[in-house]
Amino acid sequence: MYGQVNVSNLLSATVDTIRNNLQLAGIFLAIMIPVSAVMTYFQGGGQTFGMSAGFMIDESVMAQGLVVLALLLVGVVVSIIAHYWLIAGMVRGSVSPGFDRILPYIGISILYGLGVIFGFILLIVPGIILMVRWVAVLPAVIDRDRDAIGSFGDSFEMTNGHSWSVFGAGLIVVIGMMVVSAVIGGVAVGVGAVAGGAGGILMSAIAAIAEQATNVIGYAFCVGAYNLMRDRTETVTDVFE
């Protein structure tokens, strides 16, 4: 596909993954930006509800709180489905990738998150190592009929000997995403200052654009790395068969 697994080819694979899935990314952003904006707005206290005299919580306030909780729960469910759909679509090259692997995807996402968090607690470096060695785990669990342990093993095998390249390319991608987020964040602050009372929802919407755009780039990097390393692994295997 690209030849050697190096920083340049990993970045090229990321760009190609985005370019080949523009329709998929567009649909994902159209769904997730409004969902993320609403969730951010309510989670951040952008919307406050009235209290009765003496700050007693009455039935109206309780009902409003339940509505907000229901909206947040729906948002979480939609987010899980949309994120799976995006990465599965990138892996399978289709806007209709199916949901046959969504349960293993959810399970491995939880294990991945817990593992990386625990790694960062252990003086940061182990967390970075796990992020590098597990870069291909989400595409692998979708693309292959494997359980969680098998998918983690596949990712470790694929990244063997390529860790520094993945780290270097990933660092460039992360810095790029930070720059994009900073620019969009600056715009959000400016909009909030100008919009006054309406600034809360506008700032939430702009923050959602930054968040979901970085999600697309991050998943594209993982899928691009998976495709590049899978091609290399399969080529080497074919040579020795």
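Buried means under 20% relative accessible area, exposed means over 50%, and partly exposed lies in between, with a 1.4 Å probe and protein chains only. With that in hand, hello everyone, and let's walk through this one.

This is a predicted model, in which local features need pLDDT of at least 70 and side-chain atom pairs count only at pLDDT 80 or more, while totals for chains, interfaces and linings use all residues. Residues are numbered from 1 along each chain as its sequence is written, and side-chain values use heavy atoms, with hydrogens and water left out.

First, the overall picture. The chain has nine helices and zero strands; both are DSSP runs numbered from the N terminus, helices being H or I with at least four residues and strands being E with at least two. Of the 241 residues in the chain, 39% are buried. If we take contacts, meaning heavy atoms within 4.5 Å, between residues at least 6 apart in sequence, 71% of them join residues at least 24 apart. The chain exposes about 12,800 Å², and carbon and sulfur atoms supply 71% of that; accessible areas here come from the Shrake-Rupley method with a 1.4 Å probe, and for residues only the protein chains shown count as cover.

Now to helix 8, which covers residues 163–195 and holds valine 183. Is valine 183 buried or exposed? Valine 183 is exposed, because its relative accessible area is 54%. Together with Leu171, Ile175, Val179 and Val187, Val183 forms a nonpolar surface patch with about 430 Å² of accessible area. For such a patch, residues need over 30% relative accessible area and no salt bridge; nonpolar side chains (Val, Leu, Ile, Met, Phe, Trp, Tyr) are joined within 5 Å, and like charges within 9 Å. A salt bridge, in turn, is a side-chain nitrogen of Lys or Arg within 4 Å of a carboxyl oxygen of Asp or Glu.

Serine 165 also sits in helix 8, but serine 165 is buried, at 18% relative accessible area. Beyond its neighbours within four places in sequence, serine 165 touches Val5, Asn6, Val7 and Leu10.

Glycine 186, another helix 8 residue, is partly exposed, since its relative accessible area is 42%. From glycine 186 to alanine 207 is 21 residues in sequence and 9.9 Å in space, C-alpha to C-alpha.

Last stop: helix 4 (residues 102–121) and helix 5 (residues 125–133). Where do helix 4 and helix 5 meet? Tyr112, Gly115, Val116, Gly119 and Phe120 in helix 4 meet Pro126, Gly127, Ile128, Leu130 and Met131 in helix 5.
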